[in-house]
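Student: Please take a close look at one part of this model, the surroundings of the ligand. Which helices and strands each supply at least two residues of the shell around the ligand?

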Amino acid sequence: MTRRVRRLTLTASAVLAALALAFVVAQDAMMADRPEYADWTRLNPQKNFIQSAHPTAKDVYVNDIGRAAAQERSFPFPEGSELVKESIDVDSLTVTVMTAMRKVVGFDPANGDWQYGMFERMDDGSFGGMWADVGTEMHLMCVGCHTGAADTDYAFLTYTGD
Ligand code: HEC
C-alpha cells in the first residue's frame, strides 16, 4: 500500500467509525424517547386481555398531563399530553406494538399538533421505533385516520379494541 492509499483507508475507516457511533447514539436517543408509561393511567376501565374477534387486544394509557382532558373530555389536550396504545398478543400476553401520540405545540397545527410514534417489540425483547416527522408517510397515515376524531382533539378515546 502506498502512503497515500493507507492514509485514505485510515480516513475512510475513521469516517465509518464516526458514522457507526452517530447511528448508535441516534438509536439510543430514539429508544430513550419511547414513552415510559408504567405508572400512567389506563383509560379503558378493564384490561383488554379478553380474546375477541380481534387477533390482538388493546389497552390505552394517558400520562398525568393529559389525564383530565381524556377523562373529562375537555379538549384540546394540553401540551405534553401523551397517549399510548398497546397491542397485546393474546396468546403470550406480551405487548407487541405500542403506538403513541404526544402533543407538541407548533408541530403540526393543521392536525391538532400531535406527533405520532410507533415502537415494535424486536426479537431480543427490546422495543425499536420512532416518532414520525410531520409530512412523512407514517405521519400522514396516522393523521389520515385520526382526523376522524378531530372533534375530540384527534384522540378516539373509544377503547373498542380496534
Ligand atoms: C385505520 C385507522 C387508523 C390508523 C391508520 C391509525 N389509527 Fe390510531 N386509532 C384508531 C382507532 C379507531 C383508535 C381507537 C381504538 C379503540 O377504540 O380501541 C385509535 C387509537 C389510537 C391511540 C389511543 C388514543 C386514541 O386515539 O384513542 C393511539 C395512541 C393511536 N391510535 C396512535 C396511532 C399511531 C401512532 C398511528 C400511526 C402509526 C395510528 N394510530 C394510525 C385508528 C387508526
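Tutor: At least two residues of the shell around the ligand come from each of β2 (56–62), β3 (82–89), β4 (94–103), β5 (114–121) and α3 (137–146). Helices (H or I, at least four residues) and strands (E, at least two) are DSSP runs, numbered from the N terminus. This is a predicted model, in which local features need a pLDDT of at least 70, side-chain atom pairs count only at pLDDT 80 or more, and totals for chains, interfaces and linings use all residues. Residue numbers start from 1 along each chain, as its sequence is written.

Within the shell, α3 gives the most, with six residues. There are 26 residues around the ligand, and those that come nearest are Thr 99, Cys 142, Cys 145, Phe 156 and Thr 158. A residue is near a molecule or strand if its C-beta atom, placed from the backbone, lies within 6 Å of it. By class, the shell has 16 nonpolar, seven polar and three charged residues. Here Ala, Val, Leu, Ile, Met, Phe, Trp, Tyr, Cys and Pro count as nonpolar, Asp, Glu, Lys and Arg as charged, and the others, Gly among them, as polar.

Two of the contributing strands, β3 and β4, are joined by eight bridges and run antiparallel; strands pair if DSSP finds at least two bridges between them. They form a hairpin with four residues between them, and Leu 93 in the turn has a positive phi of about 55°. Across this pair, Glu 86 stands opposite Met 98 in β4. Met 98 is also 9.4 Å from Lys 58, C-alpha to C-alpha, although the two are 40 residues apart in sequence. Lys 58 is found in strand β2. Lys 58 is partly exposed because 17 other C-beta atoms lie within 10 Å. A residue is buried if 20 or more other C-beta atoms lie within 10 Å of its own, exposed if 12 or fewer, and partly exposed in between, with C-beta atoms placed from the backbone.

Next comes α2 (residues 64–72), where Gly 66, Ala 69 and Ala 70 are buried. They cover an arc of only 95° around the axis, so they are on the same side of α2; the arc is that of the directions from the helix axis to the C-beta atoms. Asp 64, Gln 71 and Glu 72, on the other side of α2, are exposed. Arg 73 follows α2 and has a positive phi, near 55°.

The loop between α2 and β3 holds Phe 75. Phe 75 counts as partly exposed because it has 16 C-beta neighbours inside 10 Å. Leaving aside neighbours within four places in sequence, Phe 75 is in contact with Ala 69, Thr 152 and Asp 153; contact means that the C-beta atoms of two residues, placed from the backbone, lie within 7 Å. Phe 75 and Thr 152 are 77 residues apart in sequence but 6.5 Å apart in space, C-alpha to C-alpha.

As for the whole chain, it has three helices and six strands, in the pattern α-β-β-α-β-β-β-β-α along the sequence. Of its 162 residues, 20% count as buried. The chain averages a pLDDT of 82, and 72% of the residues score at least 70; pLDDT is the predictor's confidence in each residue, from 0 to 100. Over residues 27–31 the pLDDT is below 50, and beyond near neighbours in sequence this stretch has one contact in the model.
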